[in-house]
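Here's a quick briefing for anyone opening this one up for the first time. Have a look around, then come back for the notes.

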Amino acid sequence: MKDDGTFPIAALATPPGLGGIAIVRISGDGALAIGDKLVSDRLPRVSERPANTFFHATVLHPETREPIDDAIFLIFRAPQSYTGEETLEIQGHGGGCVSKRLLEAVLAAGARLAGPGEFTQRAFLNGRMDLTQAEAVCDLIHARSERAARQARLQLDGLLGRQIDAVYDQILTVSADVEHLLDFDEGELPETFLADAARRLDAPLETVRHLILTRHEGQLLRDGALVVISGKPNAGKSSLMNTLLRQNRAIVHARPGTTRDVIEESCVLEGIPLRLVDTAGLRETDDEIEREGIARAKAWMGQADLNLHLVDRSDPHGLAALPPFPDPAKTILVLTKCDLPSRLPETFSLPEQPAAVVTISTLTGENLPALQTAIRDVLGLAPGAAEATHPTVSLRHAEALQTVLEEGVAGQADLTRGAEGMVLAALHLKNACEALGRITGRVYSDDLLDRIFSRFCVGK
Ligand code: GDP
């Protein structure tokens, strides 16, 4: 059968491995008829059962009729389902083997395996959610801190989409008015029309500017902040890393694909997921390797959202040969071991002024809260907001919003040129609306959808 976008797709919606329950979800035209083939003919037909009901049955293989599992079947009918399509959820026993057999039986009954994010993609295509909400589903699943999860939840509720829609409507109204009066000469235009039209763009463009500024926060919450710990051997890097990890255990640890040339761990500090990188792992005895190690450490420091550069306060030569900070505004100089007498010169000047200097002891815990506050401040994040109150945008949104801003500002400038600027202004405003449409999915291409949904897991 040709797949026209409504063909029934199926996937395991729960993680593989041991667990109490495994859920196989089937969505698309004929999903319930697939259920008919999986239960005894003596039972009422799955495809004839009412929406939002469930029943218990033995799952049979559609060809061999071998019993596979005991399961609960949940019935959803279009459009009242996650995807907006007819959907059947089968909740069987957890466990890698039994859930695999359940999925195989569903595929043998006529479904095909869903691709990554295909259920959510269908939900978007069927108008169940806009693109920002679809992206929020992925962010929510991947959230590595409570604050990131709250932020994703806010977006899933449609807050960002509604703000974008409001900006879209405001710009579209101005654009429509300008297009309507395109054929008029300057003298024939309603008095103050052009100035008013330009002024009416101020508010939506201000919202756009404001949203663009949330990108940094959004990115830190989504991807985690890269915090690189550097300093001479014995400065106390491993001790600080271990202390931060102990105090701020992350829910999720090692990230797949992490490079092995440094030690990377995850933790959550004031709701912000941090990727802590200890460059200590780079130290080798052989000179050539050491040089390579230092080059890599510098590369990490260059990429960092924050660099914690450690200097041992009890070492009289601690400040000797201090390396240049790749970005002083993103650097905290941490003077360690303050439980020991300081052997640094009483006054010293630094080649560059870091964003903050904090004196700590991991042994006694002295000043560790001050270091945490400094980390949060230098990352530019507000104190651990218990509730997410404003949407934050992703890189994709910010790029589109930048286009909106440039086109909007150009449109405003054309409007102030008088009647002859109106044609160009109309064009700029149309482009601005199109860029806004790409954010929420009013305007989309297969390529854009591929890029967004390939980040999803299969089964969502
Ligand atoms: P690294 O080489 O930079 O990773 O440094 P380490 O974390 O391995 O620490 C080097 C030495 O300093 C170890 O013997 C630690 O126990 C000690 N050390 C680390 N932090 C402190 C501290 O706050 N106070 C004291 N007194 N010793 C510390």
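This is a predicted model: local features need pLDDT of at least 70, side-chain atom pairs count only at pLDDT 80 or more; totals for chains, interfaces and linings use all residues.

**Aromatic pairs**
- The count of aromatic pairs here comes to 3.
- Phe-55 and Phe-73 make one of them: their ring centres sit 4.9 Å apart with the planes at 15°, under the 30 degrees cut-off, so this pair counts as stacked.
- That pair ties together distant parts of the chain, with Phe-55 in strand β3 (residues 54-60) and Phe-73 in strand β4 (residues 67-76), 18 residues apart.
- Phe-453 and Phe-456 also pair up, with ring centres 5.2 Å apart and planes at 40°, so this pair is tilted.
- Phe-453 is buried, and Phe-456 is too.

**Charges over rings**
- Look for Arg-442 over the face of Tyr-168, at 3.8 Å from the ring centre.
- Lys-460 lies over the face of Tyr-82, at 4.3 Å from the ring centre.

**Helix α4**
- Helix α4 covers residues 131-142, which makes 12 residues.
- From first C-alpha to last, α4 reaches 17 Å, close to the 16 Å expected at 1.5 Å a residue.
- Most of α4 is covered, with 9 of its 12 residues buried.
- Among the buried residues of α4 are Leu-131, Ala-134, Val-137 and Cys-138, and the list also includes Gln-133, Glu-135 and Asp-139.

Technical notes
Residues are numbered from 1 along each chain as its sequence is written. Side-chain values use heavy atoms; hydrogens and water are left out. Helices (H or I, at least four residues) and strands (E, at least two) are DSSP runs, numbered from the N terminus. The expected span of a helix is 1.5 Å times one less than its number of residues. Buried means under 20% relative accessible area, exposed over 50%, partly exposed in between (1.4 Å probe, protein chains only). Rings of Phe, Tyr and Trp (its six-membered ring) pair if their centres lie within 6.5 Å; planes under 30 degrees apart count as stacked, over 60 as edge-to-face and the rest as tilted. A charge sits over a ring if NZ of Lys or CZ of Arg is within 6 Å of the ring centre and within 35 degrees of the ring normal.
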